[in-house]
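User: Before I rely on any label in this entry, I would like to see each one set against the rule behind it. Could we go through them in turn?

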Amino acid sequence: MNNGNEVEKEFSKHANEYDSYNIIQQIVSKALVREMTAEPKRILELGCGSGQVFKNIDFPFEYYKAIDFSKTMCDIHPKAENLEIVCLNFDSEEFFENISGESYDLVLSSSALQWSKDLKKIVKALSEISEEVNAVLFTSNTFKKIFELTGTVSPILGEQTIKEAFESCFSCRFETIKYNLEFETKKKLFDYIKNSGVRGSSKELSYKEAKHLYKNYDLEYLEFEVIFVKGKRKTK
């Protein structure tokens, strides 16, 4: 995995324009909330961003903790009564110390945990504070053709790695969905890649590499793949 600070910089750099470039993230956030079968009173959200999930919560809750590693994102997240916004990297020891001993009815996460350096460690910590987790993560098949053309490896976790991490502590139902996002022009397509944040900390291409990619990318759409996870803590 790439350096977490680089991912943070990438998201923070585009934070104020993020909502106009995160169409897929908005779709999956709505789906994540829509699939909830109950109205939990205590909720923990990891990777809250600018509030895509929270904006879709339309029921009363006792306490909602929203965590994100980008201060810029935390600053523009909606504010509300009984909502606490915490700026923390979920791979840091500070994060594990922060949630230790807490108790939640549900953990939510949308389009965030695929960046984790140690997803299995996070899942184990979540299983100690909540019986249930609902998450959606991008997989390494997102932007698949781009990585093939550039001969680079996606910084995003693969589908199998994600499944194994969650199944280590939760009994899970998985659903993997592919999305194609079409664009009117190639320029708009490449502007989206630059500003969406999905590429995270992928290294910048050289001018020659970028020119080769622009010339040879022959699709009118970008490929996305997401995996929905619904997990219940395993009984010991």
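Analyst: A disulfide is a pair of cysteine sulfur atoms within 2.5 Å, and by that rule the structure holds zero disulfides. This is a predicted model, in which local features need pLDDT of at least 70 and side-chain atom pairs count only at pLDDT 80 or more, while totals for chains, interfaces and linings use all residues. Residues are numbered from 1 along each chain as its sequence is written, and side-chain values use heavy atoms, with hydrogens and water left out.

User: How do you know that Cys87 is in no disulfide?

Analyst: The nearest cysteine sulfur to that of Cys87 belongs to Cys74 and is 4.3 Å away, whereas the rule asks for a pair within 2.5 Å, so Cys87 is in no disulfide.

User: What makes Cys169 buried, and how far is its sulfur from the closest cysteine sulfur?

Analyst: Buried means under 20% relative accessible area, exposed means over 50%, and partly exposed lies in between (1.4 Å probe, protein chains only). Cys169 has a relative accessibility of 15% and therefore counts as buried, while Cys87, with a relative accessible area of 40%, is partly exposed. The sulfur of Cys169 is 9.3 Å from that of Cys172, the closest cysteine sulfur, which is too far for a bond.

User: Why is the contact between Asp75 and Lys71 called a salt bridge?

Analyst: The term requires a side-chain nitrogen of Lys or Arg within 4 Å of a carboxyl oxygen of Asp or Glu. The side chains of Asp75 and Lys71 meet at 3.0 Å, N to O, so the pair qualifies, and the count by this rule comes to 11 salt bridges. Both residues lie in helix α4 (residues 71–76), four residues apart, about one turn of the helix; helices are DSSP runs of H or I with at least four residues, strands are runs of E with at least two, and both are numbered from the N terminus. Asp75 is partly exposed at 47%, and Lys71 is exposed at 53%.

User: Which other pairs meet the salt-bridge rule, and where do they lie?

Analyst: Among them is Glu159 with Lys163, whose closest N and O atoms are 3.3 Å apart; these residues are four apart in helix α8 (residues 159–167), and are therefore separated by about one helical turn. Glu132 and Lys232 also form a salt bridge, at 3.6 Å, N to O. This pair links distant parts of the chain, with Glu132 in strand β5 and Lys232 in strand β7, 100 residues apart.

User: What makes a space in this model a cavity rather than a pocket?

Analyst: On a 1 Å grid over the protein atoms alone, a cavity is a set of points where a 1.4 Å probe fits but cannot get out, whereas a pocket is an open set with protein on both sides within 12 Å along at least five of seven lines; lining residues have an atom within 4 Å of a point. Grid points are joined across faces, edges and corners, and a volume is the space filled by probe spheres set on the points. The count comes to two cavities of 30 Å³ or more, and the largest cavity holds about 240 Å³. Its lining has 20 residues, of which Gly47, Gly49, Asp68, Ser111 and Ala112 lie nearest its centre.
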